[in-house]
Amino acid sequence: MLKDILVIALGAVLINNFVLVRFLGICPFLGVSKSTKTALGMGMAVTFVMTVASFITYLVQQYLLVPFHIEYLQTIAFILVISALVQLVELVLQKTSPALYSALGIYLPLITTNCAVLGVAILATQEGYNLLYSTLFGFFAAIGFTLAIVLFSGVREFIDESKVPAPFRGFPIALITAGLIALAFMGFSGFSIS
Amino acid sequence: MNSILYSFAVLGSLGLLFGLLLAFASGIFKVETDERVEEITALLPGANCGGCGYPGCSALAAAIADGTAAIDTCSVAKKEQIDKIAKIMNVDAGTQSLKKVAVVLCSGTCDKISRKYEYDGIRDCRALTRLGGGEKDCISGCAGYGTCVSHCRFDAIAIKDGVAEVDREKCVGCGVCVAVCPKKVIALVPKKEAKAVLCNNHDKGAAVRTYCATGCIGCGICKKTCEHDAIALENNLAVIDAEKCTNCGACAEKCPRKVIHQIG
């Protein structure tokens, strides 16, 4: 069992990193990566939403959708779960950390449409994980997301300080950076663990 | 038929459940927000010019609602808007100070001032000023290459005959031109009818005479003439306090250099 968990963890964080290998959740990855602090905050929010979402969506899938033979409603049911969770996170953040709340801005409610969150729920059901594994899968996928966005924001902070040729300044260099980091993560795809 | 019912029931109950949960959570995590902030933000111009010193209109609105900023801090907002903000904040709008507008303290137009050299570089006062303080012999006067014009967001300033001129109707007093002018020849004055010494030169009178046909020589005749104690001499330059000036015009008449002009 421990081995299975390790496989899931390594797979979700490094080998099939949600952002850099599967290219899910690119919107917040580019949007809130200007400073490491907000990137970390975004990572935490996404971690919470993804972990709890994969827990609840497993229950919804197994005990509601499958018994009633309405699996075709998977997407809409999952989105319902995710949006409710995001709303909850928003309420909590606004109360506990107004600074982070305003720094995340529009990207906070946009976690709802973060395809990484929906992706993790759908992938977990496709892989046939049980409740524990689904939750862990969600958690580690979110850790992978956090890792990617924090790494990226660090590089971006560094680039802000350096001399960039005028045509590349701002977003273009950010996209190039993202591409190079993704290329680096391709190195992990050589691993095969089972 | 059943599958329609099931899907309806499942999604409906899920939605209801989450709705109830969120309603419950919003009760726990309620944040007290100041409604006045949004009302004030709506009244501010929304140009986010930064002239007030706050990062954007909403930040100023928050400061006004807090009471840390005066209700008329925004120099762009019209009188009606300020009155409405005063109403929201429950304070008397009558006590607010006069609006300010920019004025260019130079009347050294092309025909009145001699030049050191002909400038043929970048059309920008800051670049020009680096070359020996500019092409005009007077180092304090308006350079006339329109750095203020290109920075004005309200199209309120123009170069006329080698000297910048502010359109007092359009000027909102944001102070961007004051900050950007390398000659520091632009000042913010209260928006009222007054006289002003349109000169920024602190050189001795004899020196001023050699290169400018109108610059202030600091003779002090205006100071003696003024009955309202509104004029002071600072380093060979007469300065009129617009707050005290009654616009009587006695000083302008007596000025041997005709450098005191009507503003407003």
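How many residues of chain A are in contact with chain B, and how many residues of chain B are in contact with chain A? In this predicted model, 17 residues of chain A are in contact with 14 residues of chain B. Between them the two chains bury about 1,500 Å², and 88% of this area lies on carbon and sulfur atoms. Across the same interface, that of chain A and chain B, the rule finds zero salt bridges, and the count of residue pairs in polar contact between these chains, with both residues at pLDDT 80 or more, is likewise zero.

On the side of chain A that touches chain B, the elements that give two or more residues are helix H3 (36-65) and helix H4 (74-96) of chain A. The largest share of that side, 11 residues, comes from H4(A). Sorted by class, the side of chain A that touches chain B consists of 14 nonpolar residues, two polar residues and one charged residue.

For H4(A) and helix H1 (residues 2-28) of chain B, the angle is about 0 degrees and the axes are 10 Å apart. Because angles under 35 degrees count as roughly parallel, H4(A) and H1(B) are therefore roughly parallel to each other. The residues that make this contact include A:Leu80, A:Ala84 and A:Leu88 of H4(A), together with B:Leu14, B:Phe18 and B:Leu22 of H1(B). By class, the contact of H4(A) with H1(B) has 12 nonpolar residues, three polar residues and no charged residues.

Over all chains, the structure holds four salt bridges. One of them joins B:Glu135 to B:Arg115, with the closest N and O atoms 3.0 Å apart. B:Glu135 lies in the loop between helix H5 (125-129) and helix H6 (147-151) of chain B, whereas B:Arg115 lies in the loop between strand E1 (100-104) and H5 of chain B, so the pair ties together parts that are 20 residues apart in sequence.

Notes
Residues are numbered from 1 along each chain as its sequence is written. Chains are lettered from A and ligands numbered from 1 in the order in which they are written. This is a predicted model: local features need pLDDT of at least 70, side-chain atom pairs count only at pLDDT 80 or more; totals for chains, interfaces and linings use all residues. Side-chain values use heavy atoms; hydrogens and water are left out. Contact means heavy atoms within 4.5 Å. Buried area is the accessible area (1.4 Å probe) that two parts lose on being put together, summed over both. A salt bridge is a side-chain nitrogen of Lys or Arg within 4 Å of a carboxyl oxygen of Asp or Glu. A polar contact is a pair of N or O atoms within 3.5 Å; within protein, one must be able to donate a hydrogen and the other to accept it, and residues adjacent in sequence count only if both atoms are side-chain atoms. Helices (H or I, at least four residues) and strands (E, at least two) are DSSP runs, numbered from the N terminus. Ala, Val, Leu, Ile, Met, Phe, Trp, Tyr, Cys and Pro count as nonpolar, Asp, Glu, Lys and Arg as charged, and the others, Gly among them, as polar. Axes are lines fitted to C-alpha atoms, for helices over the stretch in contact, and angles run from 0 to 180 degrees between N-to-C directions. Angles under 35 degrees count as roughly parallel, over 145 as roughly antiparallel, 65 to 115 as roughly perpendicular and the rest as oblique.
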